[in-house]
Amino acid sequence: MENLDKTDLLILKHLQENSSINTKDLASKLFLTVTPVYERIKRLERDGYITKYVALLDKKKMNRGMTVFCNVRLKEHAKNVGSNFVKDIVALPEIIECYNIAGDYDFMLKILVKDMESYQDFVMNKLSTIENIGNTNSIFVMGEIKHSTALAF
């Protein structure tokens with residue numbers, strides 16, 4: 001981050017708020033002309049500060065209104081067991097995030113489903129078919145207090 005100046009950081013801040021803003025409008029907000037803003041954005045992309053642009057969808061409208069965090073403990077910790085688990089987890093579209101964690105469990109999954117019945121179906125017919133899961137602990141989100149995709153700096 002030491003290579004970024006104040007203008008770069010402002011560009012990143014604005015793009016995190018609205019990645020579909022056009023270069024002309026962004027330049028106007030920064031009191032700059034279009035060309036230097038365009039060149040800075042391209043440099044930020046090339047240097048890996050900007051990794052992709054996405055549209056954020058409404059979970060409820062997409063029938064994924066229930067969020068569940070599921071902690072998973074593996075039976076074994078051999079390298080191939082972990083690799084196979086990760087391969088299987090990546091293939092499940094209900095799992096939108098997976099973290100390898102330290103503590104009582106090995107992995108934390110963030111799962112989006114329609115409702116409790118859908119989660120039960122997911123656990124019984126998908127998650128339980130993955131080999132070497134020792135046990136799981138599900139945590140059901142009652143309300144989302146803060147959700148952000150923007151990094152603070």
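Biologist: Which residues is valine 68 in contact with, leaving aside its neighbours within four places in sequence?

Modeller: This is a predicted model, so take every contact as computed. Contact here is heavy atoms within 4.5 Å. For valine 68 that gives Leu109, Lys110, Ile111, Tyr119, Ser138, Ile139 and Phe140.

Biologist: Is valine 68 buried or exposed?

Modeller: Buried means under 20% relative accessible area. Valine 68 has 0%, so it counts as buried. It lies in strand 1, residues 66–74.

Biologist: How many bridges join strand 1 to strand 3?

Modeller: Strands pair if there are at least two bridges between them. Strand 1 and strand 3 have seven, and they run antiparallel. Methionine 66, for one, stands opposite valine 113 in strand 3.

Biologist: What's the strand order in the open sheet?

Modeller: Read across the four strands, it goes 2-3-1-4, with antiparallel pairing. Strand 2 (95–100) and strand 4 (133–140) stand at the edges, each with a single partner strand, so one side of each has no neighbour in the sheet. On average, neighbouring strands are turned by 20° against each other, direction ignored.

Biologist: Which strands does helix 4 touch?

Modeller: Helix 4 (residues 79–90) packs on the sheet and touches strand 1, strand 2, strand 3 and strand 4. Its direction makes about 165° with that of strand 1. Helix 5 (residues 116–125) also packs on the sheet, and its direction makes about 130° with that of strand 3.

Conventions. Residues numbered from 1 in each chain as written. Predicted model: local features only at pLDDT ≥ 70, side-chain atom pairs only at ≥ 80, totals over all residues. Heavy atoms only, no water. Helix = DSSP H or I, 4+ residues; strand = E, 2+ residues; numbered from the N terminus. Buried < 20%, exposed > 50% of the residue type's maximum accessible area, 1.4 Å probe, protein only. Axes fitted to C-alpha atoms, helices over the stretch in contact; angles between N-to-C directions.
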